[in-house]
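Please read it with the sequence and the structure side by side.

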Amino acid sequence: MHPEPHDELRVASFRDLDTTTLYEILKLRSEVFVVEQECAYLDPDGRDDEPGTRHLWFAQGKKVRAYLRILSDHGVERIGRVVTAPDARGAGLAGRLITEAITVIGNRPSVLHAQAHLSGFYGRFGYVVDGPEYLEDGIPHVPMIRDCRR
């Protein structure tokens with residue numbers, strides 16, 4: 001009998017990503033953000049390799065099933081590129097990633113720009129809407145903040 005495959009949490013800086021993992025991350029982001037959501041934009045935006053950027057993902061073997069990155073923006077941590085593979089949705093991976101990201105961030109404020117329909121999801125983790133709704137690539141978004149100091 002083979003053991004049931006499980007999702008392993010991984011955290012790395014850009015320099016610590018091997019090329020196979022980086023390829024899988026970029027492939028997943030493109031599959032969802034560019035193809036599935038039909039948004040033609042340059043996903044590799046020059047921020048993945050910034051000092052202080054942390055990449056968090058769940059993998060089964062070499063397959064990346066969910067991912068996010070944490071950027072350092074002038075003293076505020078920014079969560080972005082939150083994505084789950086279509087075949088991994090419903091397994092709670094995005095929530096587990098957000099929980100881990102909050103642990104990595106610690107007691108510092110953090111922000112994110114959520115697709116508007118997901119503001120309730122992020123609200124479960126202490127994020128609140130912090131500005132007006134806007135369109136990005138035709139998709140309604142809202143800025144959100146989590147400030148533990150309040």
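**A buried arginine and its surroundings**

Arg-29 is buried, its relative accessible area being 0%, and its side chain meets that of Asp-48 in a salt bridge with an N to O distance of 2.9 Å. The model is a predicted one, and a search of the whole structure finds 14 salt bridges in it. The points below begin with the charged pairs and then turn to the pocket, the strands and the backbone.

**Salt bridges**

- The side chain of Arg-69 makes a polar contact of 2.7 Å with the side chain of Asp-45, and another, of 2.8 Å, with the side chain of Asp-48.
- Arg-89 and Glu-36 form a salt bridge through their side chains, at 3.0 Å from N to O; this pair links distant parts of the chain, since Arg-89 is in the loop between strand S4 (76-84) and helix H2 (93-105) while Glu-36 is in helix H1, 53 residues apart.

**The largest pocket**

- The largest pocket has a volume of about 930 Å³, and its lining consists of 38 residues, of which Phe-33, Arg-81, Val-82, His-113 and Gln-115 lie nearest the centre.
- The elements that contribute two or more residues to this lining are H1, strand S3 (63-73), S4, H2, strand S5 (110-115), helix H3 (119-123) and strand S8 (139-146).
- Strand S4 gives the most to the lining, with 7 residues.
- By residue class, the lining of the largest pocket divides into 18 nonpolar, 10 polar and 10 charged residues.

- Strand S3 is mostly covered, with 9 of its 11 residues buried.
- S3 pairs with S2 in the antiparallel sense over 7 bridges, and within this pairing Arg-54 stands opposite Ile-70 in S3.
- S2 and S3 form a hairpin with 2 residues between them, and Gly-61 in the turn has a positive phi of about 65 degrees.
- S3 also pairs with S4 in the antiparallel sense over 7 bridges, where the bridge partner of Asp-73 is Val-76 in S4.
- The hairpin of S3 and S4 likewise has 2 residues between the strands, and His-74 takes a positive phi in this hairpin, near 50 degrees.

**Backbone points to check**

- Most residues other than glycine have a negative phi.
- His-74 has a positive phi of about 50 degrees although it is not a glycine; this residue lies in the loop between S3 and S4 and is exposed, with a relative accessible area of 83%.
- Asp-137, also not a glycine, has a positive phi of about 55 degrees; it is found in the loop between strand S7 (134-136) and S8, and with a relative accessible area of 43% it is partly exposed.
- Gln-37, which is found in the loop between H1 and S2, is partly exposed, with a relative accessible area of 25%.
- Gln-37 and Thr-20 are separated by 17 residues in sequence and by 24 Å in space, taken from C-alpha to C-alpha.

Notes
Residues are numbered from 1 along each chain as its sequence is written. This is a predicted model: local features need pLDDT of at least 70, side-chain atom pairs count only at pLDDT 80 or more; totals for chains, interfaces and linings use all residues. Side-chain values use heavy atoms; hydrogens and water are left out. A salt bridge is a side-chain nitrogen of Lys or Arg within 4 Å of a carboxyl oxygen of Asp or Glu. Buried means under 20% relative accessible area, exposed over 50%, partly exposed in between (1.4 Å probe, protein chains only). Helices (H or I, at least four residues) and strands (E, at least two) are DSSP runs, numbered from the N terminus. On a 1 Å grid over the protein atoms alone, a cavity is a set of points where a 1.4 Å probe fits but cannot get out, and a pocket is an open set with protein on both sides within 12 Å along at least five of seven lines; lining residues have an atom within 4 Å of a point. Grid points are joined across faces, edges and corners, and a volume is the space filled by probe spheres set on the points. Ala, Val, Leu, Ile, Met, Phe, Trp, Tyr, Cys and Pro count as nonpolar, Asp, Glu, Lys and Arg as charged, and the others, Gly among them, as polar. Two strands pair if DSSP finds at least two bridges between them. A polar contact is a pair of N or O atoms within 3.5 Å; within protein, one must be able to donate a hydrogen and the other to accept it, and residues adjacent in sequence count only if both atoms are side-chain atoms.
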